[in-house]
Amino acid sequence: MKELLEFLSLANANVRYVVLGVMLLGASTAVVGSFTFLRKKALVGDAIAHSVLPGICLAFMFSQYKHPLVLLIGAFISGWLSILSIDIISKKSRIKSDTAIAIVLSVFFGIGILLLTYIQSTGNAAQAGLDSFLFGQAASLIREDVMVLGAVCFLLVLTIYFFFKEFSILSFDADYATSLGLPVRFLEVILSTLTVLAIAVGIQAVGVVLMAAMLITPAAAARYWTNNLTKMIVLAALFGAFSGLFGSYISYSAPKMPTGPWIIVCITIIAFVSLAFAPERGLFFKWKRKRSKEINTLDENVLKIFFHLGEQENNMFAARKIPALQKRRYFDEKKVLQSLKRMMRAGQIEQEDNTWKLTETGLVEAKRIARIHRLWEMYMSKFLRMPADHVHEGAESLEHFFTPSMEAMLEQDLDFPETDPHDKPIPYTVKNEF
Amino acid sequence: MIIQVDNPVLEVHDLTVSYDKNPVLWNIDFSIPKGKLVGIIGPNGAGKSTMLKSVMGLIEPQSGFVKVFDKDLDDVRQRVSYVPQRESVDWDFPASVLDVVLMGRYGRRGLFKRMTKQDKEIAMASLAKVNMEKYYNRQIAQLSGGQQQRVFIARSLAQQADLYLMDEPFAGVDASAESSILSLLQEMRAEEKTIMVVHHDLQSAYEYFDWVILLNMRLVASGPKEEVFTPKLLQETYGGKLTLLDSLSNFIRRKELPIKG
């Protein structure tokens with residue numbers, strides 16, 4: 001606890017650098033990554049991330065010095081080479097782009113590991129920390145690193161800000177952008193450059209292996225919460241920054257831990273929470289929607305039985321026991337009871353001892369369902385030319401989906417018929433609230 | 001039956017286009033007069049969309065050239081508008097209807113510039129023309145196919161161009177939307193705009209268009225509909241591909257040979 005407070009107070013200058021650096025990084029890679037995500041280039045991002053390793057190693061071997069700017073340049077060059085290689089392979093050969101990505105990723109990364117092993121075997125003292133580029137070590141960031149990182153992140157966000165409308169049209173409809181005369185090629189180069197830069201600058205903190213997740217996951221998570229591009233990007237940046245904060249805390253409190261995996265665990269949890277609980281798109285809300293439709297369908301089916309029995313006996317308000325209802329159509333006893341109680345609360349059903357009967361409101365609703373059922377049967381036999389003995393099944397399930405306006409269309413198209421294809425009367429109510 | 005015109009809005013000269021080294025359009029050569037509704041008709045795989053794309057410079061032709069208003073396309077981009085096929089984009093993109101229609105203004109505004117109030121008014125007016133103004137704030141993924149189609153048309157209208165190239169604007173729209181789109185196109189024609197439409201329904205084509213291009217990898221006909229809609233020419237267009245063209249282009253693709261004069 002004391003450790004956490006000490007960390008959060010940012011009293012230690014080095015902690016300040018690390019936290020600031022990694023949060024900046026998380027936010028700006030998320031901003032750039034939002035476009036990578038929307039352009040469906042996530043795998044290219046992964047290939048670039050793995051491909052910067054040989055560049056870093058070569059830059060180190062030539063300069064014999066671990067200066068962040070030198071390593072950044074090396075990473076940038078080999079990252080760009082990987083993009084070009086993917087492009088050339090998929091355009092000039094018969095190899096499709098997914099295979100091209102896989103080839104480039106593994107070849108570049110292989111060479112990188114080879115060079116890294118070589119550097120380590122030479123026993124160069126300065127190489128200490130170079131292997132942290134695999135999984136990242138945020139705590140090893142020093143003031144110099146953060147200066148470079150900050151400058152690059154600022155550049156990234158600024159560029160996105162200025163090219164915002166161009167990048168959004170490029171991501172949505174590149175052909176149309178070309179037809180407008182926008183310099184699409186140029187814009188693509190800029191966006192790719194930003195992606196490579198974001199990756200190159202992030203690897204010291206996150207590592208080449210997991211950098212792609214830093215790029216893509218915040219955007220993927222943010223997409224669940226909003227349909228607005230600007231909001232999505234801001235949210236992705238917040239997610240990225242928070243994961244950065246979390247990762248750097250871990251790196252600070254447990255120095256032996258690689259930072260990258262922790263940042264990724266954090267952002268992945270955010271992504272899972274989004275996937276599960278985001279309104280509209282989240283799984284929980286989808287499940288809830290489905291569940292409430294099921295309940296609604298059950299209630300409507302029970303009401304319909306009251307209507308059918310009432311129609312048979314010419315007594316709509318007769319009190320009935322549950323077994324009498326089940327005789328007409330089998331329902332689980334417990335569910336039927338729940339349903340009756342629910343409708344009682346809604347004022348559609350009344351209870352007397354262990355018998356149940358329709359109320360006036362209940363009858364209106366029951367008639368509505370029976371009416372839609374029979375109208376839809378009529379519609380299918382008239383417009384879809386289905387024989388009368390084939391229409392019941394379809395109507396049984398679709399009757400629960402009609403909105404008032406669709407019902408009105410149905411009535412108009414059929415011109416208010418008297419009976420359904422089985423010659424049963426269609427129960428109109430006096431013009432109600434529709 | 002290829003009728004060339006004086007002072008054409010669009011001139012396509014000896015255009016040959018290949019996909020993946022596979023020629024799909026052979027020596028297309030025609031010109032289009034001003035203020036017409038032009039239908040591009042032909043069977044599936046005839047290269048109708050490809051032709052529009054190469055007119056718009058989205059595909060580099062193997063040979064030949066295109067002149068728009070007697071100039072290179074790049075000099076008159078503002079006067080030409082393109083409506084891609086609805087399925088060519090992912091409609092799950094985070095954007096509202098108005099966002100998409102505003103894209104029609106991007107070309108005029110240029111790099112770095114923000115959209116102005118005037119741009120928004122033009123975009124809203126374009127939406128009104130396709131009866132979609134009340135949906136301006138709707139997320140595009142929630143639209144029906146026909147509504148998406150109309151949003152694309154509105155985006156194109158927002159460009160305020162003189163020549164419109166539309167790829168299957170009637171695909172997937174219901175009958176009432178189709179007739180309202182058609183009357184919109186007719187209004188545009190009355191304002192001396194030229195509209196070229198890729199269309200797959202032969203039944204309605206005669207009724208809709210003034211000028212018809214019949215295409216099946218090669219140009220079969222281009223001219224006023226009365227002269228082009230003959231059983232012989234239609235038979236030529238729909239009566240299967242020329243086998244020789246097909247096997248020649250397959251051969252070139254297999255050997256991966258470039259086509260050079």
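Trainee: Why is A:Pro425 called partly exposed?

Mentor: Bear in mind that this is a predicted model. A:Pro425 has 13 C-beta neighbours inside 10 Å. Buried takes 20 or more, and exposed takes 12 or fewer. A count of 13 falls in between, so A:Pro425 is partly exposed.

Trainee: Where is A:Pro425, and what does A:Pro425 touch?

Mentor: Look in the segment after helix H19 (404-414) of chain A. Leaving out residues up to four places away in sequence, A:Pro425 touches A:Glu418 and A:Thr419. A:Arg374 is 51 residues away in sequence from A:Pro425, with 8.4 Å between their C-alpha atoms.

Trainee: Over to chain B. How do you know that its radius of gyration agrees with a compact globule?

Mentor: Chain B has 261 residues, and a compact globule with that count would come out near 18 Å; chain B has 19 Å, so the two agree. Along the principal axes, the C-alpha trace spans about 55 × 40 × 35 Å. Buried residues account for 41% of chain B. Of the contacts in chain B with a separation of 6 or more, 71% join residues 24 or more positions apart.

Trainee: What is chain B built from, and how confident is the predictor?

Mentor: Chain B has ten helices and nine strands. Its mean pLDDT is 90, on a scale from 0 to 100, and 93% of its residues reach 70 or more. For the complex, the predictor gives an ipTM of 0.91 and a pTM of 0.86.

Trainee: What makes the length of helix H5 (residues 145-157) of chain B close to the expected one?

Mentor: Take 1.5 Å times one less than the number of residues. For the 13 residues of H5(B) the expected span is 18 Å, and the helix reaches 19 Å from its first C-alpha to its last, which is close.

Trainee: And why is H5(B) called mostly covered?

Mentor: Because ten of its 13 residues are buried, each with 20 or more other C-beta atoms within 10 Å. Among them are B:Gln148, B:Arg150, B:Phe152 and B:Leu157. The buried residues pack against strand S5 (80-83), helix H2 (97-102), helix H4 (117-129), strand S6 (163-167) and helix H6 (175-190) of chain B.

Trainee: What makes helix H1 (residues 48-55) of chain B mostly covered?

Mentor: Seven of its eight residues are buried, including B:Lys48, B:Met51 and B:Val55. H1(B) is followed by B:Gly57, which has a positive phi, near 75°.

Trainee: Which residues touch the most other members of the largest nonpolar core?

Mentor: That core has 166 residues, and those touching the most other members are A:Val52, A:Ile199, A:Ala200, A:Met211, A:Ala236, B:Val38 and B:Val101. Helix H2 (residues 13-38) of chain A gives the most to this core, with 14 residues. Skipping neighbours within four places in sequence, A:Ala200 contacts A:Val52, A:Leu72, A:Ala75, A:Phe76 and A:Gly79.

Trainee: Last one: how many residues does each chain bring to the contact between A and B?

Mentor: Chain A brings 20 residues and chain B brings 18. On the chain A side, helix H8 (164-172), helix H9 (174-179) and helix H12 (229-253) each supply at least two. That side divides into nine nonpolar, six polar and five charged residues.

How values were computed: Residues are numbered from 1 along each chain as its sequence is written. Chains are lettered from A and ligands numbered from 1 in the order in which they are written. This is a predicted model: local features need pLDDT of at least 70, side-chain atom pairs count only at pLDDT 80 or more; totals for chains, interfaces and linings use all residues. Two residues are in contact if their C-beta atoms, placed from the backbone, lie within 7 Å. Helices (H or I, at least four residues) and strands (E, at least two) are DSSP runs, numbered from the N terminus. Ala, Val, Leu, Ile, Met, Phe, Trp, Tyr, Cys and Pro count as nonpolar, Asp, Glu, Lys and Arg as charged, and the others, Gly among them, as polar. A nonpolar core is a set of buried Ala, Val, Leu, Ile, Met, Phe, Trp, Tyr and Cys residues joined through C-beta atoms within 7 Å. The radius of gyration is taken over C-alpha atoms; the globule rule is 2.2 Å times the number of residues to the power 0.38.
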